[in-house]
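Please look at the sequence and the model before reading on.

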Amino acid sequence: MQTSTSPLPARPKSRRRWYILGGFVLLLFATPFAYQFIAGWLIERELQAIYREIEADDPHWRWADLVAQSEPIPDERNAALQVLKVYGLLNMNTLWPGPKWRDLPVGNTCLPADQVLLLRTALNAQRPEALVEARRLKDMPEGRYIVPDEGGFLVDIAKMAGDAQPTRTVMSLLQMTAALHEQDQEMEEAAQSCLALVNVVHAFNDHPSYMMQLPRNVGKSFIAETVEHMLGQGEVSAEGLQQLQAAMEREAAVNSLYHGMRGERADSQRWMEELKDGRMHYSEMGGTKATFEEHLYDWLPGLFLGGYPEFLRLTHQSVRASKLPLEAQEAEFAEIERQAEQKLNPTFRRWMGGRHKVRDSYRRCQAILQCAIIAVAVERFRVKNGFWPNALNEVIQEDFLKEIATDPYDGQPLRWRRTKTGAVIYSVGRDMIDDGGKLSRNPNAPNTDWGVELWDKSYRHAPAPVDEEGSP
């Protein structure tokens, strides 16, 4: 009898491979989030240690604290608000003299006729009330811009940038008005324009932002250039010179590098918190089309923020270094830059890299401003006595100057030298070599000094140079 056997049941297909594949995919997705969690924990732990270090030196260092420390100035006395008012009245289309305009001449040379015409045309095209309001700045020694703390890091940065540009424009306007007054030999009016310019620069005050302190260096150069040209064109009264010198000394006493560095430290902590909390994305910070790397940082901020604790530590060291005398800062900042090269990732290294240029600009402009202060004091001595002093100590003895400012480069007193046509007050400059007062108007020129030149009365308001066509 034949029997049939039932077929064996089919072995169930193994799902092991699917489990492995699923586990791999899950691990693939989980790893970045695990990394993000662990990295965030480690970063936070390191940051808390740095925060304690900073707070031991400066308990109120965060952005909100800096804003709270900024006491308002009444509107009617606030030069910063007056600058914005003047800027709003200007006709920007006609303000700049045009493509034929060249840099204002320095020293004792008066303006060429074509520049005078262009400059006069540009200023005559402005509303009369704009120039009236600009002149009011001479009577406004106090100033403070509103420090924003409302819309987050990017919004506040945009607001501060909106305040910086009007200041630069009004500074240029006052340079122009001073130049025209000098050309017309209205020397008291020229001195008042210089005074207004100093007050505009001083209106940056203690603003806790790099962006607002950077134009201040430009302003110091404007002051020195304008004062030097004014002293090379004619004679200002003793009262006008004294008033101008006092305003310049008040501005020179402000350590704007410290305020900028302190604000940079607070700003960096603010945007770091906004990146961590998702209130801001790294790809939004550049202002241009974001790269793949920037979008990757959006997804995994730990990749970027891992370098932040060391960046903050070096930024805090920069704040400390900025409080030292200028001639003692170089070694400290050199060490900070060396550590940045060794320890920071490329992104943070780029952000640290530009600071040496800012610091060098501050040191140079501070040196030139101090030379201009001494120049005004020396001119006061000459107005009273009818001759130049033989040494700067004579200016101190007659109470025109409290002390001779220190050269920010070598720590020695700023130099003074008589010339065939007058005198020169100077700093040895970046190369730290005394070239005997051979001045350079180019900050990048080698083997020259930086400073201010003075002229005997017979050499002032010298004729403008003749151009290639032979016309003045």
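In which kind of crossing, left-handed or right-handed, does H10 pass H17? The crossing of H10 with H17 is left-handed. The model is predicted.

## Packing of H10 and H17

Two packed helices are described by the angle between their axes and the distance between the axes. For helix H10 (residues 238–252) and helix H17 (residues 355–385), the angle is about 160° and the axes are 10 Å apart. Angles over 145 degrees count as roughly antiparallel, so H10 is roughly antiparallel to H17.

H10 makes the contact through Leu241, Gln242, Gln245, Met248, Glu249, Glu251 and Ala252. On the H17 side, the contact residues are Gln366, Leu369, Gln370, Ala372, Ile373, Val376, Ala377, Glu379, Arg380 and Val383. Sorted by class, the contact of H10 with H17 has nine nonpolar residues, four polar and four charged.

Strands of a sheet pair through backbone hydrogen bonds, either parallel or antiparallel. Here three strands form an open sheet in the order E1-E2-E3, with antiparallel pairing. Strand E1 (415–418) and strand E3 (450–455) are the edge strands, and each pairs on one side only. On average, neighbouring strands of this sheet are turned by 15° against each other, direction ignored.

Strand E2 (residues 422–427) pairs with E3 in the antiparallel sense over six bridges. Val424 stands opposite Glu453 in E3.

## H17 and the sheet

H17 also lies across E1, E2 and E3. The angle at which H17 runs to E3 is about 20°.

Methods. Residues are numbered from 1 along each chain as its sequence is written. This is a predicted model: local features need pLDDT of at least 70, side-chain atom pairs count only at pLDDT 80 or more; totals for chains, interfaces and linings use all residues. Side-chain values use heavy atoms; hydrogens and water are left out. Axes are lines fitted to C-alpha atoms, for helices over the stretch in contact, and angles run from 0 to 180 degrees between N-to-C directions. Helices (H or I, at least four residues) and strands (E, at least two) are DSSP runs, numbered from the N terminus. Angles under 35 degrees count as roughly parallel, over 145 as roughly antiparallel, 65 to 115 as roughly perpendicular and the rest as oblique. A crossing is left-handed if the near helix is turned anticlockwise from the far one by less than a right angle, and right-handed if clockwise. Contact means heavy atoms within 4.5 Å. Ala, Val, Leu, Ile, Met, Phe, Trp, Tyr, Cys and Pro count as nonpolar, Asp, Glu, Lys and Arg as charged, and the others, Gly among them, as polar. Two strands pair if DSSP finds at least two bridges between them.
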